[in-house]
Amino acid sequence: SKVMPALAPKLLPCPLYAALSPAAQLKALEPAPEGMRKAILCTNIAETSLTVPRVRYVIDAGVEKARVYDPRKNMEHLQ
C-alpha cells in the first residue's frame with residue numbers, strides 16, 4: 001500500500017444515504033473546509049438522484065440496492 005505525501009490535503013469522508021438525518025445529508029453537500037478534500041460515500045440511489053457541484057472524480061464501488069419481490073410477504077423491498 002502507498003502512503004499519502006505529508007503535504008496532501010486531508011480527507012473528509014461524508015456518508016450520504018436516505019436514512020441519514022437531513023443535517024448530515026446537507027453536510028455532505030457543503031464545500032470541504034479549506035485545505036481538505038471530501039469523499040462522499042453513497043448508495044447507488046443517492047448517486048443517481050442528485051448532482052454535487054465541484055466533483056472531480058467519481059468512484060463507483062459497484063455495490064447497489066436493488067428492488068426485490070418477496071412472494072411470502074407479497075411485497076417489494078430494497079436489498
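**Figure 1. Arg54 in the loop between α2 and β3.** In this predicted model, Arg54 sits in the loop that joins α2 (44–49) to β3. Helices and strands are DSSP runs, numbered from the N terminus (helices: H or I, at least four residues; strands: E, at least two). Arg54 is exposed because its relative accessible area is 63%; the term exposed stands for over 50%, buried for under 20%, and partly exposed for values in between (1.4 Å probe, protein chains only). Arg54 and Leu7 are 47 residues apart along the chain, and their C-alpha atoms are separated by 22 Å. Residues are numbered from 1 along each chain as its sequence is written. Because the model is predicted, local features need pLDDT of at least 70 and side-chain atom pairs count only at pLDDT 80 or more, while totals for chains, interfaces and linings use all residues; side-chain values use heavy atoms, with hydrogens and water left out.

**Figure 2. The parallel pair β1 and β2.** Strand β1 (residues 10–16) runs parallel to strand β2 (residues 36–42), and seven bridges link the two. Two strands are said to pair if DSSP finds at least two bridges between them. Lys10 has Met36 as its bridge partner in β2.

**Figure 3. Asp70 in strand β3.** Asp70 belongs to strand β3 (residues 67–70). Asp70 counts as buried because its relative accessibility is 12%. When neighbours within four places in sequence are set aside, Asp70 is in contact with Met75 and His77; contact means heavy atoms within 4.5 Å. A polar atom of the Asp70 side chain also lies 3.0 Å from the backbone nitrogen of Arg72.

**Figure 4. The salt bridge between Arg72 and Asp70.** Side chains of opposite charge can pair when their charged atoms come close. A salt bridge is a side-chain nitrogen of Lys or Arg within 4 Å of a carboxyl oxygen of Asp or Glu. Arg72 and Asp70 form such a bridge, with their closest N and O atoms 3.9 Å apart. Arg72 is exposed, since its relative accessible area is 78%, whereas Asp70 is buried at 12%.

**Figure 5. The salt bridge between Arg67 and Glu76.** The count for this model is two salt bridges. One of them joins the side chains of Arg67 and Glu76, at 3.7 Å from N to O. Arg67 is exposed because its relative accessibility is 62%, and Glu76 is partly exposed because its value is 46%.

**Figure 6. The chain around these views.** The chain contains two helices and four strands, arranged from the N terminus as β-α-β-α-β-β. Its C-alpha trace spans about 55 × 30 × 20 Å along the principal axes. Of the 79 residues in the chain, 10% are buried. Among contacts with a separation of 6 or more, 42% are between residues 24 or more positions apart.

How values were computed. A polar contact is a pair of N or O atoms within 3.5 Å; within protein, one must be able to donate a hydrogen and the other to accept it, and residues adjacent in sequence count only if both atoms are side-chain atoms.
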